[in-house]
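Subject: Structure for you to look at

Hello,

Here is the structure I said I would pass on. Please open it beside this message; my notes follow below.

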Amino acid sequence: GGCYLAYGLEIPTARVGDFDTELCEEFFWGFVRHANLTLHIKQLDGKNSHHIIEGTFKSLARTLKKAVEIDEKAKDEIPSTKGVL
């Protein structure tokens with residue numbers, strides 16, 4: 001498919017508790033493959049592994065919520081720059 005992941009996290013520790021931090025990238029690859037989408041993840045700052053991972057998941061959730069919301073000002077339009085979805 002046309003899926004792609006630009007993964008830009010630098011997680012400083014190998015584990016957070018019992019969680020293997022290398023699994024983050026594996027999760028996101030699985031997510032983009034099954035959702036058939038492109039996802040760019042870019043870490044802007046951070047040193048704490050837990051907070052880097054938590055912030056990434058929270059920002060993805062907020063982005064997905066915004067992506068599926070109906071814009072009342074454009075509710076009868078196709079939400080694509082190409083005119084199709």
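Which strands and which helix do the buried residues of H2 pack against? Keep in mind that this is a predicted model. The partners are strand S2 (15–16), strand S3 (19–20), helix H1 (23–35) and strand S4 (38–42).

Some detail on H2 itself. The helix runs over residues 49–68, which is 20 residues. From its first C-alpha to its last it reaches 29 Å, close to the 28 Å expected at 1.5 Å a residue. Its buried residues are Ser49, Ile52, Ile53, Thr56 and Leu60. They lie on the same side of H2, because they cover an arc of only 95 degrees around the axis. On the face turned away from that buried side you will find the exposed residues Lys58, Arg62, Lys65 and Lys66. At the N-terminal end, H2 is capped by Asn48, which has a side-chain oxygen 2.9 Å from the backbone nitrogen of His50.

Now the whole chain. The protein chain has two helices and four strands, in the order β-β-β-α-β-α along the sequence. Its radius of gyration is 16 Å, well over the 12 Å that the globule rule gives for 85 residues, so the chain is more spread out than a compact globule. Along the principal axes, the C-alpha atoms fill a box of roughly 45 × 30 × 20 Å. Of the 85 residues, 19% are buried. The chain exposes about 7000 Å², and carbon and sulfur atoms supply 54% of that area.

Regards

Notes
Residues numbered from 1 in each chain as written. Predicted model: local features only at pLDDT ≥ 70, side-chain atom pairs only at ≥ 80, totals over all residues. Heavy atoms only, no water. Expected span 1.5 Å × (residues − 1). Buried < 20%, exposed > 50% of the residue type's maximum accessible area, 1.4 Å probe, protein only. Arc of directions from axis to C-beta. Contact = heavy atoms within 4.5 Å. Polar contact = N/O pair within 3.5 Å; in protein donor to acceptor, adjacent residues only side chain to side chain. Rg over C-alpha atoms; globule rule 2.2 N^0.38 Å. Areas by Shrake-Rupley, 256 points an atom, 1.4 Å probe, with all protein chains shown as cover.
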